[in-house]
Amino acid sequence: MNPQGDRWTAETVLSLAPDAASRKAGSKLAAPGPWSGAGARPEEGGGAVWGECSGSGSKPYRTVVDLSGEGGPGFNCSCPSRKFPCKHALGLLLLWASGEAAVPAAQEAPPGWAEQWLERRRKRAEKAVAGPAAAGPATPADEEAARRRGERRAERIGAGVTELEQRLADLLRGGLAAAEGAGYGQWEETAARMVDAQAPGLASRVRELASLPGSGADWAGRLLEECALLHTLNQGWLRLQELPEPLAATVRSRVGLTTDAAALLASGTPVRDHWLVLAQRDGDDGRLVTRRIWLHGRDSGRMALLLSYGAAGRAPELSLPVGLTLDADLVYYPAAHPLRAVLGTRHAPPAESAGPPAGGGVEAALSAYGEALRDDPWLETWPVVLDGVVPVPGPDGHWQLADGEGGSAALPVDPRHRDSTALWQLASISGGAPIKIFAEYGHRGATPLTTWTPEPVPL
C-alpha cells in the first residue's frame, strides 16, 4: 500500500509464497468467512494489514503484515507454522488485495497485539540503520583491540591454509585413485580444522571435495579441478598483500571473512536505481535457510544479489515480490566483480514493473559468465537473462536451454534440477516457442528461476 492507497495484485501476493502448498492453502483463506477484525493502515512507504483467523483451536490466529519495511514486507502470526509467510499471512494479503470492502482502511490504530509487533519491528529497523554510529565514535582502544583481533584471526587462517596445502599435496602425491577408498572421515576432519582456523569458506570447499570421489564417471577430473581452485585460493590468501585490493577482497570473502552490513551501509557508496526483483529462491541445508534475491537496475543495467538467512528451518524475514520495482539504494560488497549487495534506503513504495530487462542469447550468457569467472575463478554461478531460448528435454533426462534462432548453441540445465517440476512447467509455457528466462548459470549448468508470460512467473 502506498500513500494513495494502492493495493497489491493477487499475483504479487502469491509470488511471496515459499512453495506451491502455501499458495494453495493461502488461497483457501482469501475469503471473509474465517476472518474477523481485519483492517489496513495506509502509510508513507507501505503501511500494515492485520486480522484474526479462526482455526481448529479455541483462539483465533492473530496475523499482521508490515508492508513498509526497508527490507521488504514482514510477517507475524501466532500459528505454529515454520514458513514465512504462512498461509494465514498469504490469505490475509489476498483478502486485502481484493479491495476496500474486504479489508477496510482503519480509522484508528491497529489493535494492541498488532501495534506492539509493528513497534518492535520499527525499532529494530532504526537500530540497523543507525549501525555503528549509534554507539558513538570508536575510541583508540576500541580500534586497537579490533586490529589485534583481526591479526589473530589472520594468523589462524594462515596456519589453516598451510595445513590444507599440505593435505592437498599428500592427496596428489598418493594419486587421486586412492581418494575413492579413503572415506569421508579424513575430509571431515580437515573441514573441522578449517572451522577451528575461522575459515568457514575453506571448510565448505573441503566438504565439496569430500563429496566428489566415486560420484560419477568423471569424478577424478572434477576432483582435480576443485583441488586446483582450492590451491589457487590458498595461494591467494598467503600472498594477500601482493594482490590488487578488489581481488584481495574477493579472496577474503571466499575464505570466509565477512563485512558487517551496517558498517558497509555506513561507509559504502550507494547505487540508487529502480531495481526490478527478478527472482527469489530459498535453499535449506538443514541448519540454515538461505534466501537469494536477484535484482536488476533499470538505469545502471547492473545485477545485484541480496542474501538473507533464517535459522532452524524458519524462512528469512526479507521477502521481495518477484516483478516489483524498488526505487532504492544498494551498496555492493567489495569484490573484483561486485555482485552481492545490501539493501539501503528505499525512496518510494514498491511499484509494478514496466516489463522484464533486455536479454541475450546463449553466446552472450557464456561470454558474461566467462568475463565474471576471469575476475573471480571461485565463482559458483552468474545471473543471466536469456532471450529467445527453448527448454528442451533430452532422451537421457538432461535438459537444455537451446538457442531458438536455429543455432546449435545451448546451455545445459544443472543436473541436480533435472527432475524438477519447474522444468516441465517451463516447457509447458514455452510450447516449443522461444521464451525469455532468468537463470543462474555456473559450471554445473543453468538453473531457471523466472520466465515471463508476459507477467513474471517464478519457477
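Helix H5 (residues 140-174) comprises 35 residues and spans 51 Å from its first C-alpha to its last, close to the 51 Å expected at 1.5 Å a residue, where the expected span is 1.5 Å times one less than the number of residues. The model is predicted, so that local features require pLDDT of at least 70 and side-chain atom pairs count only at pLDDT 80 or more, while totals for chains, interfaces and linings use all residues. Residues are numbered from 1 along each chain as its sequence is written, and side-chain values use heavy atoms, with hydrogens and water left out.

Buried positions (under 20% relative accessible area, 1.4 Å probe, protein chains only) in H5 include Ile157, Gly160, Leu164, Arg167 and Leu171. The buried residues of H5 pack against helices H6 (177-180), H7 (185-196), H8 (200-210), H9 (219-238) and H10 (245-255). Gly175, with a positive phi near 95 degrees, follows H5.

The chain contains 13 helices and 16 strands, assigned as DSSP runs (H or I, at least four residues; E, at least two) numbered from the N terminus. Its radius of gyration, taken over C-alpha atoms, is 24 Å, close to the 23 Å that the globule rule gives for 459 residues, so the chain is as compact as a globular protein of that length; the rule is 2.2 Å times the number of residues to the power 0.38. Buried residues account for 42% of the 459 residues. Of the contacts (heavy atoms within 4.5 Å) between residues at least 6 apart in sequence, 63% join residues at least 24 apart.

Note on methods: Buried < 20%, exposed > 50% of the residue type's maximum accessible area, 1.4 Å probe, protein only.
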